Amino acid sequence: MSLFPYLQCYYWKNGSKVMEQSISRIASGVWCINEFSLVNAFLVEGEKASALIDTGCGYGNIRKVAAAASSAPLIVLLTHKHPDHAGGIYHFRDCPIYLNAEDENLTFLGMGLGNEFRKMYAKTRGPVKCPGMEQDLLAMIPEPEPDCAFSFINADDGTPVDLGGSVLECIHTPGHTAGSVCYLDKGRRILFSGDTINRSIILMRQPDNGNALIEEFLRTLRKVWAAEAAFDVLAIGHDGPFIDKRIIHDYMLLAEGILEGAVCGAYEEKGFRKGDVARYGMAELWYRCDQ
């Protein structure tokens, strides 16, 4: 699938023109909203409604950007509750919101969906992903701090989201978080994988370096791979927007090798990631991550 020309959006603050998230059409009825190279959200259009898959960190107004592509009523589908994917939820509290209940109380490094996270992310990820824009990101942090509390519909295995002429199917994919989910669009043959399967995956270090989380992640990989005949590509939460589905197989080989003792990664520090990492093919697995 090729990228179509993107629509760059702006907003005004204190009389100055400020860059907003960019939006590009990546397939028929599907848009990628890129939040300053930090994270992706995806807008999937139907005849009756449009689904926004994830909401970014909450810099600027992602709802205005989504409205530039579709005027249909919005449904929000969160792949998980980490604040780089759910931080913009305050724009959508009047919309139906889907989240897996296992992530209801999830935080990130002890931080919720508020400005503490947005400031940290701008200072740590900004210089890496969008050099020179750290101050622009900090200027887009909402003031006063918005209310990010929300009620949700539980998204579990097989939960259908009917947009009218298009149905997205939820697949529960624990590993990165206990409540991580993917959304399968069989009509367009796209799996929206969030951070479940990405170019680089983080699994936190377990007590005594136990393998339970790696085993759970391997079960998730096998589950997703069992459905691979229904999709051609993954639409991923960072970078991308697409990646070859064969990366799932690379991650399976890595996880199997770690569990069998045939693969042994090494401790590295990369950005705010610190922990043991192993690589194979397209896959990079931080399987005992401390941060």
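This is a predicted model: local features need pLDDT of at least 70, side-chain atom pairs count only at pLDDT 80 or more; totals for chains, interfaces and linings use all residues.
Histidine 80 is found in a loop, namely the one that runs between strand β6 (74–77) and helix α2 (83–86). Its relative accessible area is 1%, and because buried means under 20%, histidine 80 counts as buried.

The side chain of histidine 80 makes a polar contact of 3.0 Å with the side chain of threonine 79. When neighbours within four places in sequence are set aside, histidine 80 is still in contact with a list of residues that includes Asp54, His85, Ala86, Leu99 and Asp103. Also among these contacts of histidine 80 are His176, Thr177, Ser180 and Asp195.

Across the whole structure, a search finds 16 salt bridges. One of them brings together the side chains of aspartate 147 and arginine 93, with a distance of 3.3 Å from N to O. Aspartate 147 belongs to the loop between α5 (134–139) and β8 (153–154), while arginine 93 belongs to the loop between α2 and β7 (97–99), so this pair ties together parts that lie 54 residues apart in sequence.

How exposed are the two partners? Aspartate 147 has a relative accessible area of 43% and is therefore partly exposed, and arginine 93, at 43% relative accessibility, is likewise counted as partly exposed.

## A salt bridge between aspartate 244 and arginine 246

Another salt bridge is formed by arginine 246 and aspartate 244, whose closest N and O atoms are 2.7 Å apart. Arginine 246 has a relative accessibility of 55%, and because exposed means over 50%, arginine 246 counts as exposed. Aspartate 244, with a relative accessible area of 28%, is partly exposed.

## A buried pair and its network

Glutamate 284 and arginine 273 also meet through their side chains in a salt bridge, where the distance from N to O is 4.0 Å. This pair links distant parts of the chain, since glutamate 284 sits in strand β18 (residues 283–289) and arginine 273 in strand β17 (residues 273–280), and the two residues are 11 residues apart.

Are glutamate 284 and arginine 273 buried or exposed? Both glutamate 284 and arginine 273 are buried. The two residues also belong to one network, in which salt bridges that share partners join Glu268, Lys270, Arg273, Arg279 and Glu284.

Key: Residues are numbered from 1 along each chain as its sequence is written. Side-chain values use heavy atoms; hydrogens and water are left out. Helices (H or I, at least four residues) and strands (E, at least two) are DSSP runs, numbered from the N terminus. Buried means under 20% relative accessible area, exposed over 50%, partly exposed in between (1.4 Å probe, protein chains only). A polar contact is a pair of N or O atoms within 3.5 Å; within protein, one must be able to donate a hydrogen and the other to accept it, and residues adjacent in sequence count only if both atoms are side-chain atoms. Contact means heavy atoms within 4.5 Å.
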